[in-house]
Amino acid sequence: MNLAQLQRELCEWIAADGMADQSGNSPRADAGLAVYRNNYCCQLTACLEETFPRTRAWLGDCAFHEAAERHIAVTRPAHWSLDAYPRQFPATLEKVYLNDPEIAELAWLESDLECAFVAADADPIQPGRLLTIDWDCAIIHFSPSLTVRRLTTNAPAIFSALSAGTSPPAVEPQPTDAAIIVWRQDYVSCFRLVDRQEADALRALGHGAAFAKMCAVLVAELGQDRGTRRAGAMLGQWISEGLVIDVTTE
């Protein structure tokens with residue numbers, strides 16, 4: 001057996017929860033392998049703890065570590081940096097806590113805020129450029145830090161209370177059309193609750209829909225005056241929040 005093969009088998013054994021065939025090992029060798037396995041689990045658990053402090057506070061240490069163990073057992077690191085490892089932990093929590101959706105939503109919020117902070121840099125559009133844009137054929141480009149996510153509970157209120165060190169509110173369901181956006185403005189990760197219309201608009205524009213098409217949808221829903229005002233108000237807020245980084249034409 002060469003060194004590369006030995007290293008591969010060791011990595012497989014560690015990542016497979018020590019279940020790979022290691023028959024014939026001496027007790028001393030087994031004890032040494034257990035040290036590697038323990039270090040692997042401790043490093044990944046610490047990574048999850050650092051990324052999800054409020055989720056951990058909401059769940060409690062015991063439940064959090066049980067969920068972390070389940071996640072580590074089925075999710076191996078797939079990136080050179082451990083910064084990427086926690087991103088699928090909320091999906092694990094969705095499966096573990098099917099009847100407690102606020103847990104996964106709280107974790108998604110923490111993960112999205114972390115991702116927004118390390119997202120690629122992009123300068124907001126300069127106000128002077130807005131004067132020369134033909135909005136009838138405009139395509140809006142948003143900050144790469146932007147995430148739009150459906151929301152079913154008051155997880156953001158729980159997050160805010162835990163961040164402030166105050167007693168979190170009881171879990172409450174949200175309207176079926178509730179959503180949340182997360183992005184980075186300057187050097188601060190931010191979030192804001194949005195309604196269905198704004199969430200739909202952000203998703204459509206983010207996939208390349210023209211601004212005029214978004215306006216037409218709002219006018220169809222709200223009427224000419226209200227729809228036009230709503231479109232203008234949303235655009236103005238997106239610009240003030242640094243979400244819009246460029247506008248091109250079709």
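Residues are numbered from 1 along each chain as its sequence is written, and side-chain values use heavy atoms, with hydrogens and water left out. Because the model is predicted, local features need pLDDT of at least 70 and side-chain atom pairs count only at pLDDT 80 or more, while totals for chains, interfaces and linings use all residues.

The protein holds ten helices and five strands, taken as DSSP runs numbered from the N terminus (helices: H or I, at least four residues; strands: E, at least two). Of its 250 residues, 38% are buried, where buried means under 20% relative accessible area, exposed over 50% and partly exposed in between (1.4 Å probe, protein chains only).

Three strands make up an open sheet in the order 2-3-4, with antiparallel pairing; two strands pair if DSSP finds at least two bridges between them. Strand 2 (147-150) and strand 4 stand at the edges with a single partner strand each, so one side of each has no neighbour in the sheet. Strands 3 and 4 are joined by seven bridges, and alanine 179 stands opposite valine 194 in strand 4. Helix 6 (residues 101-118) packs on this sheet, touching strands 2, 3 and 4 (contact: heavy atoms within 4.5 Å).

The largest nonpolar core has 26 residues, of which Ile140, Phe142, Phe211, Met214 and Trp238 touch the most other members. Such a core is a set of buried Ala, Val, Leu, Ile, Met, Phe, Trp, Tyr and Cys residues joined through side-chain atoms within 4.5 Å. Leaving aside residues up to four places away in sequence, phenylalanine 142 touches Leu202, Leu205, Gly206, Trp238, Leu243, Val244 and Ile245.

Alanine 157, by contrast, is placed in helix 7 (residues 155-164) and is partly exposed, with a relative accessible area of 36%. Alanine 157 lies 9.4 Å from leucine 106, C-alpha to C-alpha, although the two are 51 residues apart in sequence.

Conventions. Axes fitted to C-alpha atoms, helices over the stretch in contact; angles between N-to-C directions.
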